[in-house]
Each structure stands twice: as C-alpha cells, then as structure tokens.
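Hi everyone, thanks for making the time. I'd like to walk you through one model this morning, so please have the viewer open.

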Amino acid sequence: MDWLAAARGLRFFGSGPLPHPAYLIFFVTSKCVGKCRHCFYWESINQPESPLTLEETDKVAASMGKIWQVTFTGGEPFLRDDIVDLVETFYRRNQVYHLGIATSGWFPERTAAAAERILKNCGRANLTIGLPIEGPPDLNDDIRGVPGFYRRTTETLAALRGLRSPRLTTLVDITASGFNRGRLMETYTHVRDELKPDAINVILTRGVPREPEAKTLDPAEVEALLGMMADDARAGKVRGYGFLSKLLHAKDLVLRRMALDIYRGGSCPYPCEAGRVAGVLMPEGDVYPCELWADKIGNVREADYNFPAVWNSPAAVKARSEIVSSRCSCYHQCFLSNTIFWNPRAWPGMAREWIKL
C-alpha cells in the first residue's frame with residue numbers, strides 16, 4: 001500500500017516547474033515557549049502577528065492539488081487551539097501522504113490527544129511528530145532556555161509511544177551545536193537506549209542562530225556519530241519511519257553525510273529543489289522558497305489565497321533561477337532531503353545504502 005501511494009510522487013521528479021510544492025513547511029505561528037540558544041528563527045519568535053485563520057488556510061489548501069508532505073511548525077504549533085483542524089484541512093483538500101508536526105514537546109496531553117484525533121480522521125496518511133532532545137536533562141534545559149523542558153518533552157514522547165499506531169512515527173531531532181559539542185554520542189545513545197523513539201535524526205545548527213557559538217561544531221565528532229547511526233540503522237537498532245522505512249533510512253544516511261560535507265566547505269552536487277519541490281508558508285501568508293531565503297516570493301492573502309499564483313509568479317521564477325544559477329548550497333536538511341529524494345541522479349547513492357539495510 002505504501003508503494004502504491006508513493007507512486008503518486010512520480011510527477012514531482014524532473015526539473016520543470018510545478019503548480020505547487022510537493023513538500024510544504026507551514027509555520028502556523030511564531031509564538032513559542034522555548035528560548036533555544038541555537039534557534040535560527042529567534043528574531044521572529046513571539047512577535048505580534050495575525051496568522052492565517054482556519055478559513056483562510058482552507059482557501060489556500062483548496063487552491064492546490066495533491067501534496068506529498070506538509071510539515072506544521074512554528075514557533076510551537078500546539079499553541080494554536082485549531083492545530084488539528086489545520087492538519088485535517090490539508091489532508092482533506094490535498095490528500096497528503098505524510099503529515100508532520102515539529103513541536104517542542106511542551107504539551108504532553110494536548111499533543112497525544114491531537115495525534116490520536118489526526119490518526120482517526122486522516123485515515124490514509126502517515127503522521128510523524130518530531131521532538132527535540134539536545135542532551136541529558138540539565139544540558140537539554142540549558143540549551144533550550146527553560147527549566148523542565150526535558151521532562152515535558154520526554155513525557156510527550158512517552159504519551160505518543162503509548163498510542164501504538166503503525167501510522168505514527170515518533171522522531172527525536174538532536175541539533176548538533178557548540179553547546180552540546182563533546183556530548184553528541186552521549187546524547188544519541190541516551191535517546192536510542194532510554195527514550196526509544198521510532199526514528200532519530202541529527203541536525204546541524206543552521207542559519208543565524210540566537211547565539212553564534214551554536215555553529216561551532218566539531219566535524220570529527222559529528223562524523224563519528226553519523227557512523228554510529230549508520231551502523232545502528234543497518235543492525236536494526238533504530239526502527240525508522242513507519243512507512244517506506246528502508247528507503248527513508250537510506251536517504252537520511254546519504255543526506256547527513258552530505259550535510260556534514262557542506263558544513264566543512266563542500267557543496268551539494270545537485271541543484272537545490274527549494275522553490276520547486278519544497279516551499280515555505282509563513283504565519284501571515286508570506287511564501288518563501290526556503291526558510292533561509294532572504295526575500296519572499298509573494299503573499300497568499302494578496303493573491304486571493306491562490307498559492308499556485310504565488311508559486312509561479314515572476315518573483316518565484318526569479319528566485320528559482322537564482323537558486324539554480326548560483327548553485328545555492330546549504331546544509332538545511334529539510335531542503336537537502338528534498339533535493340536528494342526528488343533527483344534521480346541521487347538514487348544510485350541511496351540504492352547503495354538501501355542494500356546494506
């Protein structure tokens with residue numbers, strides 16, 4: 001069934017323009033309970049805002065066709081009382097194959113109840129809920145800037161694991177930064193052996209963080225960690241996603257090594273898919289090809305909620321051209337992931353990893 005559903009994504013391969021993204025990141029709010037020292041979005045956090053309402057979001061979703069994945073993020077998405085309605089709107093309108101929610105984990109009961117409702121009402125979608133753990137309790141709370149964050153996040157993880165749905169993937173993201181430098185292996189093994197999520201990812205601090213020291217990683221330490229993660233994937237110590245598991249394991253093994261290579265000064269060998277396959281919708285309707293791109297390509301409110309009109313506007317065409325011609329290359333893993341996944345040239349590398357799993 002997964003492979004039949006996945007076949008819908010074939011139309012997103014290639015290099016031509018698309019009417020809308022296959023992968024949409026929707027910042028539903030800038031409001032947040034955290035004060036993460038590595039946050040790249042910190043200048044926008046907790047600012048006055050007038051976010052897209054449920055009714056406006058429905059109009060935006062209705063303007064698009066089928067979408068492979070929508071990830072709901074912020075800020076803290078569970079600060080919106082209508083977060084489940086927003087998720088269900090995209091599922092109903094766009095037959096989304098993979099729904100993602102990136103949360104801080106601050107609201108255990110609210111998150112588990114939302115996941116249960118989404119799984120019930122979005123019966124053909126896979127749901128991934130991503131939670132951040134930056135280290136053992138004291139280190140985690142120091143990095144995230146709020147006492148008690150570790151406890152609440154791990155309570156959320158436990159509540160989600162208790163749902164025991166084959167369509168729910170619990171994901172822990174570890175952000176490698178200058179603040180957990182020297183403790184990445186400790187953090188990873190703690191998450192793997194004691195917290196036991198379905199999937200674990202390591203993200204390299206990106207953008208312009210709240211504290212510049214966040215980007216002072218130890219590449220050798222990260223490389224050693226990636227080696228351990230690869231060994232664990234091949235040994236079956238980490239289950240991975242509940243759908244297309246081997247394929248996504250293989251893709252992640254490739255992209256993490258590529259992200260580290262780019263951090264070390266290398267470049268992505270493929271044209272970035274930001275602005276073609278992947279895009280970003282901000283709380284008040286601004287649309288960007290990438291979270292790190294300086295200039296918006298339009299606003300859905302100003303376009304009568306017609307997302308394809310924004311996605312194929314002159315500003316969007318110009319941004320896509322600049323991304324390709326400049327060989328824009330960063331290690332933002334959401335966009336690097338799409339660049340690898342949707343480019344046939346990258347599949348031989350994924351296939352080599354696949355056969356080792």
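I'll go through helix packing, then backbone geometry, then the cysteines. Please keep in mind that this is a predicted model.

Let's begin with helix 2, residues 54-62. Which of its residues are buried? They are Glu56, Thr57, Asp58, Val60 and Ala61. If you look around them, the elements covering these buried residues include strand 1 (23-27), helix 3 (83-94), strand 7 (278-281) and helix 10 (307-311).

The crossing of helix 3 past helix 4 is right-handed. Who meets whom here? From helix 3 we have Val84, Asp85, Val87, Glu88 and Tyr91, and they meet Ala114, Arg117, Ile118 and Asn121 of helix 4.

Now please move along to helix 7, residues 184-195, and helix 8, residues 219-235. At what angle do helix 7 and helix 8 pack? The angle is about 25°, and the axes lie 9 Å apart. That makes helix 7 roughly parallel to helix 8. Their crossing is right-handed. On the helix 7 side, the contact is made by Leu184, Met185, Tyr188, Thr189 and Arg192. Facing them from helix 8 are Glu221, Val222, Ala224, Leu225, Met228, Met229 and Asp232. The residues of this contact split into eight nonpolar, one polar and three charged.

On to the backbone. As a reminder, most residues other than glycine have a negative phi, and most peptide bonds are trans. With that in mind, have a look at Gly74 and Gly75, which are joined by a cis peptide bond with omega of about 25°. You will find Gly75 in the loop between strand 2 (69-73) and helix 3.

If you follow the chain past helix 3, you come to Gln95, in the loop between helix 3 and strand 3 (98-102). Gln95 is not a glycine, yet its phi is positive, at about 45°. Is Gln95 buried, exposed or partly exposed? With a relative accessible area of 40%, Gln95 is partly exposed.

Arg164 also deserves a look: its phi is positive, about 50°, although it is not a glycine. Arg164 sits in the loop between helix 6 (149-161) and strand 5 (168-176). With a relative accessible area of 74%, Arg164 is exposed.

Last topic, the cysteines. How many disulfides does the model have? The count comes to zero. To see why, recall that the two sulfur atoms would have to be within 2.5 Å. For Cys32, the closest cysteine sulfur is in Cys36, 6.4 Å away, so that pair is too far apart for a bond. For Cys330, the closest cysteine sulfur belongs to Cys290, at 5.4 Å, which is again too far for a bond. Cys330 itself is partly exposed, at 30% relative accessibility.

How values were computed: Residues are numbered from 1 along each chain as its sequence is written. This is a predicted model: local features need pLDDT of at least 70, side-chain atom pairs count only at pLDDT 80 or more; totals for chains, interfaces and linings use all residues. Side-chain values use heavy atoms; hydrogens and water are left out. Buried means under 20% relative accessible area, exposed over 50%, partly exposed in between (1.4 Å probe, protein chains only). Helices (H or I, at least four residues) and strands (E, at least two) are DSSP runs, numbered from the N terminus. Contact means heavy atoms within 4.5 Å. A crossing is left-handed if the near helix is turned anticlockwise from the far one by less than a right angle, and right-handed if clockwise. Axes are lines fitted to C-alpha atoms, for helices over the stretch in contact, and angles run from 0 to 180 degrees between N-to-C directions. Angles under 35 degrees count as roughly parallel, over 145 as roughly antiparallel, 65 to 115 as roughly perpendicular and the rest as oblique. Ala, Val, Leu, Ile, Met, Phe, Trp, Tyr, Cys and Pro count as nonpolar, Asp, Glu, Lys and Arg as charged, and the others, Gly among them, as polar.
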